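Subject: Structure for your review

Hello,

Please find the sequence and structure below.

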Amino acid sequence: MALDNGQVSGDEELSEGLQVFGAVLKALRQGAGLTQESFAPRVRYSVHYIAKIEQGKRFPPHDLAERTRPVLGDAAAGALRAAAKKLSRKAGLASWFQHWADIEEQALTLYAYECRVVPGLLQPEPYMREVMNCYLPPLTDKQVETQVAARLERQALLTERANTAFGFIIEQHAIERNLGGPTVTRRLVDHVLACARLRNVEVLVMPRRRTAHAGLDGPMYLAETPDREWIGYVEAHEASLLYTDPHQVGTLLQRYGRMRGQALDSEASMSLLEQLRGAP
């Protein structure tokens with residue numbers, strides 16, 4: 001199933017997200033028995049501004065949830081914070097990636113194999129900016145900043161979901177490409193090593209020379225859902241495919257499992273990364 005087949009554009013999906021957020025805020029306000037006129041002064045915003053947010057015509061300010069806490073309570077503030085975080089992630093994500101981003105946020109297990117660049121969840125900011133500088137057609141400064149913010153938000157999953165098992169297999173040459181130069185590459189390796197030290201993260205390096213390789217068909221991502229079902233995902237050139245058929249997903253799982261045995265183990269991978277980093 002192609003994710004971009006009939007999918008709404010990124011702007012349209014963001015607009016839908018704003019409307020949903022506005023509806024949530026309105027329901028919470030009304031549930032507390034407050035009108036816009038009585039609610040707005042208590043959260044220190046104008047009635048007009050609150051009305052625009054509830055109509056889905058304004059992006060919610062970053063401190064809205066905290067301002068509503070004394071008025072609507074902790075639970076309501078938590079719900080607004082979660083909705084705003086998800087909305088901010090979507091704002092910088094391509095339309096064809098957003099469905100997978102939703103799956104990614106709920107996954108019990110998440111596996112990734114990459115041969116092009118280091119996976120986005122492991123990219124430090126200098127490296128991700130170099131990746132975005134290579135995009136064609138070129139991105140505007142605003143687009144770069146929006147995408148950087150969204151990717152940094154996604155990376156919080158590694159620590160926020162401590163019970164989720166994350167596994168990454170990265171090709172050695174993706175790091176040796178030296179994207180951005182030696183300084184950026186050292187930052188990259190330092191960041192990957194730091195992520196690999198997290199209890200719920202495994203990073204394996206596929207060595208440059210390998211006589212057998214199960215991933216020759218390209219990058220793949222796999223997620224185990226809360227219902228204990230597996231979903232597969234691949235992407236290339238602004239298009240993506242989502243696999244839900246058990247036979248197809250089983251094939252991807254088989255390939256990933258074989259690659260885990262073909263890649264260097266955790267200790268050898270960390271040693272190689274330290275060698276690739278070079279001297280301080």
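In these notes a residue is buried when its relative accessible area is under 20%, exposed when the area is over 50%, and partly exposed in between (1.4 Å probe, protein chains only). This is a predicted model, in which local features need pLDDT of at least 70 and side-chain atom pairs count only at pLDDT 80 or more, while totals for chains, interfaces and linings use all residues. Residues are numbered from 1 along each chain as its sequence is written, and side-chain values use heavy atoms, with hydrogens and water left out.

Helix H11

Helices (H or I, at least four residues) and strands (E, at least two) are DSSP runs, numbered from the N terminus. Helix H11 covers residues 182-196, which is 15 residues. From first C-alpha to last, H11 reaches 21 Å, close to the 21 Å expected at 1.5 Å a residue; the expected span is 1.5 Å times one less than the number of residues. The buried residues of H11 are Val-184, Thr-185, Leu-188, Val-189, Val-192, Leu-193, Cys-195 and Ala-196. They pack against helices H7 (125-133), H9 (157-160), H10 (172-176) and H13 (266-277), and against strand S3 (201-206); contact here means heavy atoms within 4.5 Å.

Salt bridges

A salt bridge is counted when a side-chain nitrogen of Lys or Arg lies within 4 Å of a carboxyl oxygen of Asp or Glu. By this rule there are 14 salt bridges.

Asp-190 is partly exposed, at 31% relative accessibility.

Arg-208 and Glu-176 form another, at 2.8 Å from N to O. Arg-208 is in the loop between S3 and strand S4 (220-224) and Glu-176 is in helix H10, so the pair ties together parts 32 residues apart in sequence. Glu-176 is partly exposed, with a relative accessible area of 34%.

Sheet

Six strands make up an open sheet with mixed pairing, in the order S3-S2-S1-S4-S5-S6. S3 and strand S6 (239-243) are the edge strands, each pairing on one side only; two strands pair if DSSP finds at least two bridges between them. On average, neighbouring strands are turned by 15 degrees against each other, direction ignored (axes are lines fitted to C-alpha atoms, and angles run from 0 to 180 degrees between N-to-C directions). Strands S1 (residues 109-114) and S2 (residues 165-171) pair in the parallel sense over six bridges. Tyr-111 stands opposite Gly-167 in S2.

Cysteines

The structure holds zero disulfides, a disulfide being a pair of cysteine sulfur atoms within 2.5 Å. For Cys-115, the closest cysteine sulfur is that of Cys-134, 16 Å away and too far for a bond. Cys-195 is in no disulfide either, its nearest cysteine sulfur being that of Cys-115 at 20 Å. Cys-195 is buried, with a relative accessible area of 6%.

Regards
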